[in-house]
Amino acid sequence: MKYQSQKIALYYFLAALILFALQVTMGLVAGWVYVDPGFLSETLPFNILRMIHTNSLIVWLILGFFGAAYFLIPEEAEREIHSPMLAYVQLAILLVGALGAVIGYVFGIHEGREFLEQPLWVKLGIIVAALIFLFNVTMTFLKGRKTAITNILLLGLWGLAIFFLFSLYNPSNLSLDKMYWWYVVHIWVEGVWELIMASILAYLMLKLTGVDREVIEKWLYVIVATALFSGLLGTGHHYYWIGTPGYWQWIGSIFSSLEVVPFFAMVLFTFAMVWKGRRDHPNKAALLWALGCAVVAFFGAGVWGFLHTLHGVNFYTHGTQITPAHGHLAFFGAYVSLNLAIMTYAFPMLRNRDPYNQVLNMVSFWLMTGGMAFMTFTLTFAGVVQTHLQRVLGENFMDVQEQLQIFYLMRFGSGLAVVLGALLFLYAILVPREREVISPIAAPAE
Amino acid sequence: MHDFMTKSRARNIFYGGSFAFLAIFVGLTVHSHLYILETSTDHEGLTEAVARGKHVWEKHACINCHTILGEGAYFAPELGNVWQRYGGLDDPEGARDALKLWMQSQPTGIEGRRQMPNFNLNDQELNDLVDFFEWVSRIKTQGWPPNEAG
């Protein structure tokens with residue numbers, strides 16, 4: 001750790017990890033409700049479980065992005081963060097908001113639009129916290145060295161804050177509501193968040209492989225260009241059936257098919273950098289997460305996204321289990337893995353020590369990734385069967401669901417693997433030991 | 001790529017292209033906004049009751065179990081066409097009564113079946129919610145869903 005203020009990141013990461021634990025726990029419980037529908041149906045019904053599951057995911061990912069920014073901007077800008085005090089005030093606001101939101105949800109207090117359930121006071125808190133953050137890091141950026149990595153990262157974070165403003169607009173006309181709702185949801189995850197993802201991956205490649213900055217930053221601009229060129233009009237794949245004009249079927253199909261390009265480019269980029277790089281960085285676990293992030297994002301967001309994005313296909317699959325199959329692998333690959341990669345890289349430095357618990361950390365990668373892959377397969381099979389029975393043959397929804405039970409049972413098993421992997425990750429990252437449980441480097445011969 | 005694509009050229013393409021695509025996207029959204037108001041939805045017929053019904057829909061987070069126009073959770077049936085499914089086109093009064101009775105009789109308590117909570121809606125809330133479903137069922141959705149099962 002070169003700069004004292006990088007330490008801020010540690011507290012953001014810890015807060016993020018607490019919510020990560022809450023997120024996967026709620027996911028596991030919700031997965032169990034699919035198997036045993038009576039479970040908790042009176043005390044914590046499914047809609048509340050899912051709300052906590054998705055909201056804690058979104059908030060912990062954003063806390064992780066903020067932490068990553070506080071960690072890497074001082075190094076890139078070659079100066080301390082403008083005001084560490086403001087950074088802690090921002091964290092306090094976000095934590096009060098997150099805690100208030102979760103407690104409120106349990107008692108049924110929410111705004112009731114999917115993913116944007118936060119009560120108004122929490123939304124305003126998020127906006128105030130985002131403004132504090134943007135002021136703080138932009139000041140640091142402006143006074144320091146300007147690199148393409150910080151440039152793109154800040155652009156992504158500004159975009160995140162600006163598009164969140166659309167969450168305040170809730171017209172009574174459901175079609176209008178949905179159209180602008182996607183301004184937040186789609187333009188976040190298939191637009192500006194990709195800028196954040198690409199810039200953090202670029203930073204990790206710079207540090208882990210030692211490839212020349214000029215090469216890395218050129219790649220970065222090409223990747224983010226393909227991301228926004230495809231992703232902005234790719235929003236059209238959500239405008240097929242909600243009351244929007246028919247031309248979106250063509251625009252959405254063409255541009256969202258191209259959304260696979262930036263994810264494929266990130267795979268090529270990370271692997272090319274590792275091959276070119278001469279540096280043998282000791283943090284192998286961070287490298288595994290970074291490469292895994294690019295690969296799983298390509299399959300989850302790219303391939304599984306393309307699977308149901310053409311309007312002729314989507315007419316039948318829209319709103320079936322195909323969607324959560326894609327959603328789970330895409331979020332895990334692109335944004336969960338990204339956060340766990342930067343945390344795995346940063347934690348040892350924030351504690352001023354060599355990388356630790358690397359093998360445990362890598363086992364957690366394979367447990368979580370294997371679990372998520374299996375979950376994606378089970379939900380994909382469930383979705384295919386559902387599409388055929390319900391959308392082609394016209395069988396009633398609940399009758400179809402009863403025929404999918406075997407897939408939900410297997411999905412619960414895969415969820416268990418993911419939760420075990422997450423717990424192992426928490427242990428590996430939070431409990432450094434004097435000696436490695438298993439050393440990543442073979443012991444030298446005596 | 002090495003000679004042609006310098007870093008500054010890549011940066012300029014990124015900024016210029018992104019701005020252009022954002023402008024196209026916003027332009028098309030403006031057109032779609034007008035299309036929704038004038039063509040695809042009954043904006044004139046969006047009564048106070050429909051607006052209140054949408055609020056009932058949100059207050060109880062219905063979307064975190066159900067889907068509406070295919071969006072939401074996938075735990076419970078699609079409700080964008082629930083009005084048609086309940087025969088509202090032929091017998092509006094019958095469909096209204098059946099929908100209200102369904103919500104009032106939750107949870108079913110049937111072993112092994114997904115349970116919908118009872119939200120203790122009063123008569124006005126129930127009527128508003130049904131008005132909302134009726135209004136939504138008339139949105140022109142390019143022919144989606146493929147059949148009545150939703």
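Let's start with Glu76(A), which counts as buried, at 1% relative accessibility. The cut-off for that word is a value under 20%. Keep in mind that you're looking at a predicted model.

What does Glu76(A) form a salt bridge with? Its partner is Arg213(A), and the closest N and O atoms of the two are 2.8 Å apart. Follow the chain and you'll see that this pair links distant parts of it: Glu76(A) belongs to helix H2 (residues 46-77) of chain A, while Arg213(A) is in helix H7 (residues 213-234) of chain A, 137 residues away.

Now hop over to a pair that joins two chains. Arg113(B) makes a salt bridge with Glu402(A), with 3.8 Å between the closest N and O atoms. Arg113(B) is in the loop between helix H4 (92-104) and helix H5 (123-137) of chain B, and Glu402(A) is in helix H14 (residues 397-402) of chain A, so this pair joins two chains. Arg113(B) is partly exposed, at 25% relative accessible area, and Glu402(A) also counts as partly exposed, at 48%.

Next, stay within chain B. Here Arg52(B) and Asp128(B) form a salt bridge whose closest N and O atoms are 2.8 Å apart. Arg52(B) lies in helix H2 (residues 48-59) and Asp128(B) in helix H5, so the pair ties together parts 76 residues apart in sequence. Are these two buried or partly exposed? Arg52(B) is partly exposed at 36% relative accessibility, whereas Asp128(B) is buried at 4%.

Finally, back to where we began: Glu76(A) and Arg213(A) are joined with Glu214(A), Glu217(A) and Lys7(B) into one network by salt bridges that share partners. Over all chains, the whole structure has 19 salt bridges.

Terms used. Residues are numbered from 1 along each chain as its sequence is written. Chains are lettered from A and ligands numbered from 1 in the order in which they are written. This is a predicted model: local features need pLDDT of at least 70, side-chain atom pairs count only at pLDDT 80 or more; totals for chains, interfaces and linings use all residues. Side-chain values use heavy atoms; hydrogens and water are left out. A salt bridge is a side-chain nitrogen of Lys or Arg within 4 Å of a carboxyl oxygen of Asp or Glu. Helices (H or I, at least four residues) and strands (E, at least two) are DSSP runs, numbered from the N terminus. Buried means under 20% relative accessible area, exposed over 50%, partly exposed in between (1.4 Å probe, protein chains only).
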